Amino acid sequence: MGSRHPHWQRKARIIQINRQKAYQAQGCRCHYCGVLMPEPKRIKRFCEEHHINLTDAEQIQCTAEHLVPVSEGGPNSRSNIVAACWYCNHTRHHGAPPGLDHHGYARWVREQQSQGQWLPGRYTHLQPCALTLTGSHA
Ligand SMILES: [Zn+2]
């Protein structure tokens, strides 16, 4: 009780700041699937604005995603951190084909989306329209 971990806290703070910068730069949308994400701090407000329940909102809340995973030596720098929804972040590590780098994973997510096999229909109004996913927009 009451023990503090200054080094761990400093690292967490850097990750949080970089996540917030990425979130703003990405227009509040997930790096992989493009869903509109709530900031964890503003999740209740987001539920009211977009008429979804808290459990659903938690699935797409903004998380810090390391493009090169920490386990593979990826740094906590701004260039290695993007904002991704919890669902994409979680699925990268649990469910996606193993061995994909972040480019491969992004492609795989888009394939799933184009087949209607990503976030369930109740999130449809928060996702970019299908045309932008299958079109030439990079
Ligand atoms: Zn996502």
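Is Q112 buried, exposed or partly exposed, going by its C-beta neighbours inside 10 Å? Here are some friendly notes on that residue and on the model around it.

1. **The model.** Please keep in mind that this is a predicted model. The protein chain has an average pLDDT of 91, and 91% of the residues score at least 70. The exception to treat with care is residues 131-138, where the pLDDT is below 50. In the model this stretch has six contacts beyond near neighbours in sequence. Where pLDDT is low, the predicted coordinates should not be read in detail.

2. **Overall layout.** The protein chain holds six helices and two strands. Read from the N terminus, the order of elements is α-α-α-β-β-α-α-α. Its radius of gyration is 16 Å, close to the 14 Å that the globule rule gives for 138 residues, so the chain is as compact as a globular protein of that length. Along the principal axes, the C-alpha trace spans about 50 × 35 × 25 Å.

3. **Burial and contacts.** Of the 138 residues in the protein chain, 26% are buried. Among contacts with a separation of 6 or more, 57% are between residues 24 or more positions apart.

4. **The core.** The largest nonpolar core has 24 residues, and those touching the most other members are C30, C33, V35, I60, C85 and C88. Strand 1, strand 2, helix 4 and helix 5 are the elements that give two or more residues to this core. Strand 2 gives the most, with five residues.

5. **V35 as a worked example.** V35 is one of the core residues listed above. If you set aside its neighbours within four places in sequence, V35 is in contact with R29, C30, I60, C85, L119, Y123, L126 and Q127. Among these partners, C30, I60 and C85 are also in that list of core residues.

6. **Helix 4.** Helix 4 covers residues 86-93, and its buried residues are Y87, C88, N89 and R92. Their cover includes helix 3 (54-59), strand 1 (62-66), strand 2 (81-85) and helix 5 (102-114). Just after helix 4 comes G95, with a positive phi of about 130°.

7. An α-helix has 3.6 residues a turn, so residues three or four places apart point the same way. Just after helix 5, G116 takes a positive phi of about 70°.

8. **Back to Q112.** This residue is found in helix 5. Q112 has 16 C-beta neighbours inside 10 Å, so it counts as partly exposed. A residue needs 20 or more such neighbours to be buried and 12 or fewer to be exposed, so 16 falls in between. Leaving aside neighbours within four places in sequence, Q112 is in contact with Q117 and W118. As for G74, Q112 is 38 residues apart from it in sequence and 26 Å apart in space, C-alpha to C-alpha.

Conventions. Residues numbered from 1 in each chain as written. Predicted model: local features only at pLDDT ≥ 70, side-chain atom pairs only at ≥ 80, totals over all residues. Helix = DSSP H or I, 4+ residues; strand = E, 2+ residues; numbered from the N terminus. Contact = placed C-beta atoms within 7 Å. Core = buried A, V, L, I, M, F, W, Y, C linked by C-beta atoms within 7 Å. pLDDT = per-residue confidence, 0-100. Rg over C-alpha atoms; globule rule 2.2 N^0.38 Å.
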